[in-house]
Amino acid sequence: MHIHITDLELYLRCPRAYKLHKIDGAEPQHKPLSLCKSKTVKQVLYELHSGIKPLAEFTEAEIGKLCDDVWNHEISDPGVDKTELQEIALQAKPETKAKPATPAVTKAEKALDEIKTWGTSYAKLEKDATVLYSNVYFEDEIGDCTFAGYIDLIRKNQENIEIVLFKT
């Protein structure tokens, strides 16, 4: 038996979803916000490591623009549930004597802000590390099951070697 690690994670989260997706071959009718977010993160990672220039040379503004561009491409897909994107994640707050008014924030705006924050933080951490390997396939047998998947990065910083798995 050969089990991909993401399939195992899906089964552990929701056996019914695993059956519908992997056994019955059912596909969702729309592309949820979470999928847009994970695809954006993966594409931003790809672009940052594509070799256009060293990661250390990317500015915060460039990373922000990259996140904007990839995000806008993802949410332009006709299968994306536009109503989910427009749902309010944080309610607007009226002005008080101590604080100015804050506008409402949609789920899409919140997701993009999280991606930008993550992207700039990731790039700062990467500046101090050397990527030894990326997208490394692994396969291991435990009992009669073979577990397989990808390690996103193996990198070395001043003190140790890190194995990085992005759970998107």
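Is L153 buried or exposed, and what is its relative accessible area? L153 is buried, with a relative accessible area of 3%, where buried means under 20% relative accessible area, exposed means over 50%, and partly exposed covers what falls in between (1.4 Å probe, protein chains only). The residue is found in strand β5 (residues 145–156), strands here being DSSP runs of E with at least two residues and helices being runs of H or I with at least four, both numbered from the N terminus. L153 and E9 are 144 residues apart in sequence, and their C-alpha atoms lie 19 Å apart in space.

The model is a predicted one, in which local features need pLDDT of at least 70 and side-chain atom pairs count only at pLDDT 80 or more, while totals for chains, interfaces and linings use all residues. Residues are numbered from 1 along each chain as its sequence is written, and side-chain values use heavy atoms, with hydrogens and water left out.

On the α1 side the contact is made by D7, L10, Y11 and R13, and on the α2 side by P15, A17, Y18, H21 and K22, contact meaning heavy atoms within 4.5 Å.

In soluble globular proteins, nonpolar side chains tend to be buried together. The largest nonpolar core in this model has 24 residues, of which L48, W71 and L85 touch the most other members; such a core is a set of buried Ala, Val, Leu, Ile, Met, Phe, Trp, Tyr and Cys residues joined through side-chain atoms within 4.5 Å. The elements that give two or more residues to this core are α3, α4 and α6. Leaving aside neighbours within four places in sequence, L48 is in contact with K53, L55, F58, I63, L66 and Y122.

Helix α5 holds E84, which is buried with a relative accessible area of 18%. Not counting residues up to four places away in sequence, E84 touches P32, L33 and K107, whereas the C-alpha atoms of E84 and L55, 29 residues apart along the chain, are separated by 33 Å.

T106 lies in strand β3 (residues 105–106) and is buried, with a relative accessible area of 11%. Apart from its neighbours within four places in sequence, T106 is in contact with L85, Q86, E87, I88 and A89. Q91, in the loop between β2 (88–90) and β3, is exposed, with a relative accessible area of 59%; Q91 and T106 are 15 residues apart in sequence and 8.7 Å apart in space, C-alpha to C-alpha.

Finally, strand β4 (residues 130–142) contains N135. Most residues other than glycine have a negative phi. N135 has a positive phi of about 50° although it is not a glycine.
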